[in-house]
Amino acid sequence: MHAVDLQDVVVLLGRFPALAGASLSVEPGEAVLLQGPNGAGKSTLLRLCAGLLRPERGDAMVLGQNLRRDRRSVRSRVGYVGHHSMLYDDLTVGENLRFWGRAAGVDESQQLAAADRMQIRGRLFDVPVARLSAGQRRRTALAVAAARRPELWLLDEPHAGLDQDGRDIVDALITDAADAGGAVLVASHELERVEPVVDRRITIAGGLATEVRRNEGEQE
Amino acid sequence: MTLFEEIALIAGKDLRIEGRSKVALNQIAPFALLVIVLFGFALDADRVALQTFAPGLYWMTVLLASILAVHRSVAVEAGEGAREGLLLSGLRPASVYLGKVVALVAQLLIVAIVLLGGVLIFYSASISDPVLLVTSLLGAVLGVGAAGTLYGALLGSQRARETVLPILLLPVLAPVLIAATRAFGDAMGTTTSDGWQWTQLLYAFAAIYCAFGVLSHGVLMEEN
Amino acid sequence: MTIDSPGTNTESMAMSADTAGVAGVTRSRTTTILGAVVLAGAALWLFLAFGATDPDVRIVDGNEIGQFDAVRLMYVHVPAAITAYLAFFVTSVGSAMVLFKKSVWWDLVAGSSAEIGAVSAALALITGSIWGKPIWNTWWEWGDVRLLTTLVLFMMSLGYLAVRRLEGTAEERAKRSAIVGLLLIFNVILVNRSVEWWADSTIHQQSTIADAKIEDLKAFTLYYSILLGAAAYAWMLIHRFRLAWLERQYDRFGIDDAIVRRRAEGHTHSEGISS
């Protein structure tokens, strides 16, 4: 079973076809980089895989579920970290972790382990999210997703706003997730940064996906 | 998690946010008090008129304040994409809806109680039937909370939310205004209508909207 | 009563006709006949309502009493009110069909019907108000349950139409407005019940038609005008629905073009890289 299998998928945002017939597949245990210019459709592709958008045309299978028929059961199995942190500004880091953890049925030790992993325990734990820096928010959002131990990671510019430490943690997160048999889709502009930790690269442009073969990729 | 645990989780989250930001207590309740005082100016501080119309002015003010409270309740989810977080969390839409209703009702109760003190002091209103007053108050606030959460979710993070919500919600709340005013009129001894009958209508309204909210919230959360 | 399809959407119609060969008209043999019947019927209606029928005058104790010429407003007011309620009923039924059957067709019917309903309700309220001035000696009678219910319904219909114009995809819009549209019927019942209760304990106005003795020609004119109102409703509904259908189809064609353009973005990008 593919973790993700898209065939000629069209996704409309309003009347705009953000994805215009994209096809790609990702296997479990694989980390894949999505590259491409701004507005190419990378974020839309990740949101589609998270079950947040409906495929207008084509076939979209994620974790064995057909997104045309059932998007609900996919949602709780993916770890999606997008541009929005999906955190409550008025709640502290700890409260956010606890709320989202309990909502997803994650036990306390797992939540704390994820927080440790993202290094947001201690002083930061009791600070309201509104007072966090962009990087600290990103860490918290990643911790919320990590606590759920997702089968499919969908990371949208995960390195943005992070310091060197944070970037290393994200890289380790990607590698470990893939090693543990999970699938990872990372959209990023920092090709040199992500290249070493991914197995494949896919270019998204004009709402279409094209596989980049290792050597060919270097020539371009 | 059971349905009740989920409801408690959502309601607890919203109330914790209120506890920290104190929007209902420090902004909406003072606004409501201000309206009560302004009504006094508008009616030329006519003691008899104010006392007679205290129930109606009270509930009109609660409805205006509830518009603000519904906006706040929606805004909590609309910021930083928490709405999507709820979709991804796997929580049942019905429990998200009911949890939001519980939290909104609790906040409206704070406003309503502060406001009650306001009409007792500024309008010299007196309570002749406290049991009826409390029962009808709760019923009315439940109805406002149930309908407000439903229509609030319907508008979601729409840019036009602030202008569309009042025109959508206020006509719908007309029965609540009528019934709650009558019930309060009876409880405050300003009219002779049967307040308990009106209270029944308030609870019927709340029940209809809760049922509809539970049934439709899945559809509403899905795409907005 | 003979409002034609709104002109604002003619461009999109024309474009859909050009790009995809769909007939950009909302007319068909049925609507042509229906329209002719409505127009001819309207001429007869004008003659009956403002010529053939007598003003309402009764002699009691040597004094002339009654509604005089104001009674003629009845031939506009009553059909407008009935058409409004019919239209909103169709909106609610259509909304239920959208929610339970995911029907696109009914979504467009519900929206089209609500627009006609809002206009009819406004017409009923305005004529009622004008009638009330000489008869009740007030522009607005708070004791009349139907008047109040219709007013609140009119306001709720404005809310419904506002929701239909919110941003989002056609599916989102359909779901959202279907919930508001389905609630319309429950809200009207709730408002009507509560206002009736409320007005009972104040000044309750007798039903306006019941107390006036209507003679044969007046009764005929009234029933005729109700039928004419229903026919005009059907005629406008068909046209408005077809317009909405064309707009929706135009959206579809637009999407095929947009997909082609979107893909071209990718080519220009990769060319840019290689050159």
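**Chat on chains A, B and C**

Me: Which residue in β10(A) does Ile204(A) stand opposite?
Reply: Ile204(A) faces Ala209(A) there. Bear in mind that this is a predicted model.

Me: How many bridges join β9 of chain A to β10(A), and do they run parallel or antiparallel?
Reply: Five bridges hold β9 (residues 200-205) to β10(A). The two strands run antiparallel.

Me: What holds strands together in general?
Reply: Backbone hydrogen bonds do the pairing, in parallel or antiparallel fashion.

Me: What is the strand order of the open sheet in chain A?
Reply: The order is β6-β7-β8-β3-β9-β10. That makes six strands, with mixed pairing.

Me: Which strands stand at the edges?
Reply: β6 (78-81) and β10 (208-212) of chain A. Each has a single partner strand, so one side of each lacks a neighbour in the sheet.

Me: How are neighbouring strands turned against each other?
Reply: By 20° on average in this sheet, with direction ignored.

Me: Zooming out. How many helices and strands does chain A have?
Reply: Chain A has eight helices and ten strands. Its radius of gyration is 17 Å, close to the 17 Å from the globule rule for 220 residues, so chain A is as compact as a globular protein of that length.

Me: What does its C-alpha trace span?
Reply: About 45 × 40 × 30 Å along the principal axes of chain A. Of the 220 residues in chain A, 53% are buried.

Me: Which residues of α1(A) are buried?
Reply: Lys42(A), Thr44(A), Leu45(A), Leu46(A), Arg47(A), Leu48(A) and Cys49(A). That is seven of the eight residues in α1 (residues 42-49) of chain A, so the helix is largely enclosed by the rest of the structure.

Me: What follows α1(A)?
Reply: Gly51(A) does, with a positive phi near 80°.

Me: Domains next. Where are the bounds in chain A?
Reply: The domain assignment puts 1-77 + 152-220 in domain 1 and 83-149 in domain 2. Their centres, over C-alpha atoms, are separated by 23 Å.

Me: How many residues of domain 1 of chain A are in contact with domain 2 of chain A?
Reply: Ten from domain 1 of chain A, and they meet ten of domain 2 of chain A. On the domain 1 side, helix α6 (residues 164-179) of chain A gives the most, with four residues.

Me: By class, what does that side of domain 1 of chain A have?
Reply: Five nonpolar, three polar and two charged residues on the side of domain 1 that touches domain 2, both of chain A.

Me: Switching to chain B. What does its secondary structure come to?
Reply: Nine helices and zero strands. Chain B has a radius of gyration of 18 Å, which agrees with the value near 17 Å that a compact globule of 224 residues would have.

Me: What box do its C-alpha atoms fill?
Reply: Roughly 55 × 30 × 30 Å, taken along the principal axes of chain B. Buried residues account for 55% of its 224 residues.

Me: How many residues of chain B are in contact with chain A?
Reply: 19 residues of chain B meet 21 residues of chain A. On the chain B side, α1 (3-21) and α4 (82-89) are the elements giving two or more residues. That side counts eight nonpolar, six polar and five charged residues.

Me: And how many does the contact take from chain C and chain A?
Reply: 15 residues from chain C and 14 residues from chain A. The chain C side divides into five nonpolar, six polar and four charged.

Notes. Residues numbered from 1 in each chain as written. Chains lettered and ligands numbered in written order. Predicted model: local features only at pLDDT ≥ 70, side-chain atom pairs only at ≥ 80, totals over all residues. Pairing = 2+ DSSP bridges. Axes fitted to C-alpha atoms, helices over the stretch in contact; angles between N-to-C directions. Domains from an automatic or database assignment. Contact = placed C-beta atoms within 7 Å. Nonpolar A, V, L, I, M, F, W, Y, C, P; charged D, E, K, R; others polar. Rg over C-alpha atoms; globule rule 2.2 N^0.38 Å. Buried ≥ 20, exposed ≤ 12 C-beta atoms within 10 Å, placed from the backbone.
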